[in-house]
Amino acid sequence: MSINEDPDNNNQRIANYVIIGILLVAFLGLNWWSLQTYLSSNSKTINNFQISEDEMPNTREPAVAGIFYASELKQLDKEVKHYLAAQYRPGTARPEILIVPHAGYVYSAPVAAQAYLQLQNYADNIKNVILVGPSHRVAFNGIAAPTSDEFKTPLGNVKVNRQMLEQIVEKNPEVRFFDAAHKQEHSLEVQLPFLQKVLNKFQIVPLVYGNVAPEALAKALEPYVTDKNTIIIISADLSHYFDYETARGMDGKTAELIEQNRPELENHMSCGATGINAVLLLAQSKHLRPETLELANSGDTAGDKDSVVGYGAWAFTEEQNTNSEPKDRLDIELQNLQDFAKFYGKDLYEIAKQALSEAVEHNNRFKPSRSDWPDRVFDKGAAFVTLTINGKLRGCIGTVVPHQAVGLDVADNAYDAAMQDSRFAPVKPEELPQISISISLLTDYDAVDFSSEEDLLSQIRPGIDGLIIRDGDRQGLFLPSVWEQLPDKREFLNNLKIKAGLSPSYWSDNIKVYRFRTLEIKNEN
């Protein structure tokens, strides 16, 4: 040390270096942790899976704003709210299909509002709206789909569900991409502001038809009729330019045919006769019940009575079956899981297969990488992996609550089912060719409200419900697949008690039971 150096300064300099080093290590550690968190799991959960495509900057501009409805945002918002403030008669169930008019709002909006009010109690559940209307501007054969990624109104932009639209085009030769049919068409556009005010987050599937048979249109729509995330809206006005009394008689006949599910409308009865007849064909095959919501004409709303246009609104709901269970939150989540499995079930199965092979042959845990698998398998999800040989259980491990990417969850549970299920010895390499893999994706849980064991048994649904039973720190879980071995409700419950470490005859007021649903993925999926 030089004679001029101050030892205190030197020590202070060293202390500063140490502090800087600590801060640098903490900063790098925080960034590393954030990166690892991102790489392991997305923030979304598969229970809320919705089919989507990357956004494309291709917007269909409004064609009749300022003509059929207000072009200024505040005025349009005020008008639609005014129509939706009307009194209405609530329907008996969630509509599967609506028939709605498409004239200028001053004429037809009071009727259209009665249809859209039927959706207000289902705003969170409806994610897709298939809009179907006749072409007024362009003559063509078949059904036209747009290439647009979104439709614009003064209230904002509405995304097109490209994936669903492309599926319809691919599976139906009558449907093709044809933007000219959509460019100036009003029959779909006038529905959008109502949808924007009634629903929450949704996408549309716009279809304009020209010269096409009702049977072909019905075939294209049929797969989506009972999809609980989807509503089909048929845009159609009724009779055109008859005097008031003649129109009332003609529109009354149309209403009668609709109420009787008779697909016999002729073109002079409605500019959307093809669309209505297609709906009535679907109503027959899907056992839908029509309900007339409103019937009027321009002579009743804002025009004279010498030459009027008719408007009607109808809702089609599933016929009530006293033997069926009502749809609830778990049913909706199960549908979401079914959609997820259609697109990513094979990926999860391959992950489980690779994880099993890596576990048995090398005693390693397989970790799926984002570079090798679709991004959606990194949405969070809860899964069980079950291994069987000739139908006999060989291992089963799972997670109850989503805590990491479903792809990682499946990989971890495949390893644990093979190597760490305490009921079995670790799987041997020679067993691999005989093992069948099953993946169960879990919904969330609903608590079962019961007053006694008999009351609980009366509420259990064999073949449907997975159950969790808890009493203090004791817990047992059975997947719905266990019903195949234990079809009797009391036997199922007694064995579930045993799994929880309780006696089959045990009962306590402290027992809590939760039900859930599962979506099973096997090799054939």
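In which sense do strand β4 (residues 143-145) and β8 pair, and over how many bridges? The two strands pair in the antiparallel sense over 2 bridges, where two strands count as paired if DSSP finds at least two bridges between them. The model is predicted, so local features need pLDDT of at least 70 and side-chain atom pairs count only at pLDDT 80 or more, while totals for chains, interfaces and linings use all residues. Residues are numbered from 1 along each chain as its sequence is written, and side-chain values use heavy atoms, with hydrogens and water left out. Helices (H or I, at least four residues) and strands (E, at least two) are DSSP runs, numbered from the N terminus.

Strand β8 spans residues 203-209 and is mostly covered, with 7 of its 7 residues buried; buried means under 20% relative accessible area, exposed over 50% and partly exposed in between (1.4 Å probe, protein chains only). In a regular strand the side chains alternate between the two faces of the sheet. In β8, Gln 203, Val 205, Leu 207 and Tyr 209 point one way, Ile 204, Pro 206 and Val 208 point the other way, and all are buried. Strand β3 (residues 128-134) runs parallel to β8 and is joined to it by 7 bridges. Val 208 of β8 stands opposite Gly 133, and Val 208 also has Ala 144 opposite.

An open sheet of 4 strands has antiparallel pairing and the order β14-β13-β15-β20. Its edge strands, β14 (392-398) and β20 (518-521), each pair on one side only. From one strand to the next the twist averages 20°; axes are lines fitted to C-alpha atoms, for helices over the stretch in contact, and angles run from 0 to 180 degrees between N-to-C directions.

Strand β13 (residues 383-389) runs antiparallel to β14, and 6 bridges join the two. Ile 389 stands opposite Lys 392 in β14. The two strands form a hairpin with 2 residues between them, and Asn 390 in the turn has a positive phi of about 55°. With β15, β13 pairs in the antiparallel sense over 7 bridges, and Leu 387 has Ile 437 as its bridge partner in β15. Of the 7 residues of β13, 6 are buried.

Helix α11 (residues 329-362) lies across β13, β15 (435-442) and β20 and runs at about 140° to β15. Helix α12 (residues 406-419) lies across β13, β14 and β15 and runs at about 35° to β13.

An open sheet of 3 strands has mixed pairing and the order β1-β5-β6. Its edge strands are β1 (59-60) and β6 (156-159), each pairing on one side only. β1 and strand β5 (residues 150-153) pair in the parallel sense over 2 bridges. The bridge partner of Arg 60 in β5 is Phe 151.

The axes of helix α7 (residues 214-221) and helix α9 (residues 273-286) come within 8 Å and cross at roughly 60°. This makes α7 oblique to α9, since angles under 35 degrees count as roughly parallel, over 145 as roughly antiparallel, 65 to 115 as roughly perpendicular and the rest as oblique. In this contact, Pro 214, Glu 215, Leu 217, Ala 218 and Leu 221 of α7 meet residues of α9 including Thr 274, Asn 277 and Leu 281.

Definitions and conventions: Contact = heavy atoms within 4.5 Å.
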